[in-house]
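Please keep the sequence and the model in view while reading.

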Amino acid sequence: RQREYGNAAIMHGLLYSFCGLICRQAGRLGLLAAGEQHPALSRALEIIHRDYRTRISLEQLSRQCGIGPSRLSELFRRAFGMAPLQYATNLKISKASQLLACSDMNITEISDYLGFGSVHYFSRSFKQHTGRTPSDVVAARS
């Protein structure tokens with residue numbers, strides 16, 4: 001149980017680091033200038049980063065942000081060059097990369113932890129995004 005607790009602390013630390021990198025990059029691109037970021041975009045980012053381990057649909061996300069799905073997608077595309085669900089998937093894959101490289105969790109545990117429906121779907125998504133399989137990353141760690 002202590003090992004699991006340590007893994008959670010590492011994962012949360014890595015997530016905060018990742019969020020910091022995103023904010024710095026957004027600042028460099030001028031996306032965080034005063035008055036320019038739509039409140040719904042801020043709310044969506046907050047929800048995605050807080051609930052990255054759960055599945056959420058565009059409709060659920062936009063409802064929680066108080067705007068329509070197409071408007072939320074437009075805001076995301078303008079700010080990040082991708083749709084909200086692509087952003088969420090990229091966050092999950094980034095977290096998976098960190099966990100595969102730095103934790104004692106196995107591939108199945110990481111898949112379950114990040115809310116992927118199955119290990120097969122996780123592996124396929126991971127390879128599509130990174131060009132490597134989760135097993136390749138684990139093997140490189142050893």
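Helices (H or I, at least four residues) and strands (E, at least two) are DSSP runs, numbered from the N terminus. Asn106 falls in the loop between α5 and α6 (107-113).

## Basis of the model

The model is predicted: local features need pLDDT of at least 70, side-chain atom pairs count only at pLDDT 80 or more, and totals for chains, interfaces and linings use all residues. Residues are numbered from 1 along each chain as its sequence is written, and side-chain values use heavy atoms, with hydrogens and water left out.

Asn106 is partly exposed, because its relative accessible area is 40%. The bands are: buried under 20%, exposed over 50%, partly exposed in between (1.4 Å probe, protein chains only). Val138 is 32 residues from Asn106 along the chain, with 8.4 Å between their C-alpha atoms.

## Helices α2 and α5

Helix α2 (residues 39-50) packs against helix α5 (residues 84-102) at about 35°. Their axes are 10 Å apart. Axes are lines fitted to C-alpha atoms, for helices over the stretch in contact; angles run from 0 to 180 degrees between N-to-C directions. The crossing of α2 past α5 is right-handed.

From α2 come Leu45, Ile48 and His49; from α5 come Pro84, Tyr87, Ala88 and Leu91. These residues are in contact (heavy atoms within 4.5 Å). By class, six are nonpolar, one is polar and none is charged. Ala, Val, Leu, Ile, Met, Phe, Trp, Tyr, Cys and Pro count as nonpolar, Asp, Glu, Lys and Arg as charged, and the others, Gly among them, as polar.

## Cys65 in α3

Cys65 sits in helix α3 (residues 58-65). Cys65 counts as buried because its relative accessibility is 12%. Which residues does Cys65 contact, leaving aside its neighbours within four places in sequence? They are Ala40, Arg43, Ala44 and Ile47. Leu41 is 24 residues from Cys65 in sequence and 7.8 Å away in space, C-alpha to C-alpha.

## The second largest pocket

The second largest pocket has a lining of 15 residues. Nearest its centre are Thr54, Arg55, Ala88, Thr89 and Lys92. α2 and α5 are the elements that give two or more residues to this lining. α5 gives the most, with four. The lining has eight nonpolar, four polar and three charged residues.

A pocket is an open set of points on a 1 Å grid over the protein atoms alone, where a 1.4 Å probe fits, with protein on both sides within 12 Å along at least five of seven lines; lining residues have an atom within 4 Å of a point.

Technical notes. A crossing is left-handed if the near helix is turned anticlockwise from the far one by less than a right angle, and right-handed if clockwise.
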